[in-house]
Amino acid sequence: MIEVVAAVIKEDGLVYCFKKGQAKYDYLSNKFEFPGGKVEAGEDHRQALRREINEELLTDIDVGEHLLSVEHNYPDFSIRLHFYTCTILRPIGRLTEHTQLVELPTEQLLELDWLPADVPAVNFLLKNAIAQ
Ligand SMILES: Nc1nc2c([nH]c(=O)n2[C@@H]2O[C@H](COP(=O)(O)OP(=O)(O)OP(=O)(O)O)[C@@H](O)[C@H]2O)c(=O)[nH]1
């Protein structure tokens, strides 16, 4: 099981959604996801998330509360994906790994084509937004 961390960044009521480019497997390519990546040996989740955001968005974040964790089996590998709310500390420098950034109100998130493992997280955000 691969441990992966992902950042749910919300700014002025909008959620930051990132489109992947071409990936190793077609079923991962060009889908939307939350920025982040694999936890490396010796790192805790928050360290991993800050490192990944430094690399992918060329900026810094504060990692806030843990939202949920989900397990997903892709045809070729399995991940455990941990979502955290994050606050961005300065503007995004540049996208080094994604082809597009879309900022959407929570209610519109399901309009995007998400990685399958992210759909439970999007539903969680929706449910919480409605509950507020
Ligand atoms: N960062 C991130 N990865 C996700 C999400 N949902 C999801 O299924 N994943 C998958 O979890 C793995 C994350 O590892 P990674 O981001 O370090 O992957 P990588 O750079 O090696 O990319 P690659 O495996 O496509 O070459 C990828 O296989 C990615 O497709 C998500 O919301 N954020």
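**Strands and the ligand shell**

Strand β4 gives the largest share of the shell around the ligand, three residues. Strands here are DSSP runs of E with at least two residues, helices are runs of H or I with at least four, and both are numbered from the N terminus. This is a predicted model, where local features need pLDDT of at least 70 and side-chain atom pairs count only at pLDDT 80 or more, while totals for chains, interfaces and linings use all residues. Residues are numbered from 1 along each chain as its sequence is written.

The ligand has 16 residues around it, and the closest are Ala23, Glu33, Gly36, Gly37 and Ala117; a residue counts as near if its C-beta atom, placed from the backbone, lies within 6 Å. Two or more shell residues come from each of β1, β4 (36–38) and β6. By type, the shell holds ten nonpolar, two polar and four charged residues, with Ala, Val, Leu, Ile, Met, Phe, Trp, Tyr, Cys and Pro taken as nonpolar, Asp, Glu, Lys and Arg as charged, and the others, Gly among them, as polar.

So what does β6 pair with? Strand β6 (residues 78–88) runs parallel to β1 (residues 2–11), over eight bridges, and Val5 has His82 of β6 as its bridge partner. Pairing calls for at least two DSSP bridges between two strands. With β5 (residues 61–73), β6 pairs in the antiparallel sense over ten bridges, and here Leu68 sits opposite Phe83. Four residues separate β5 and β6 in a hairpin.
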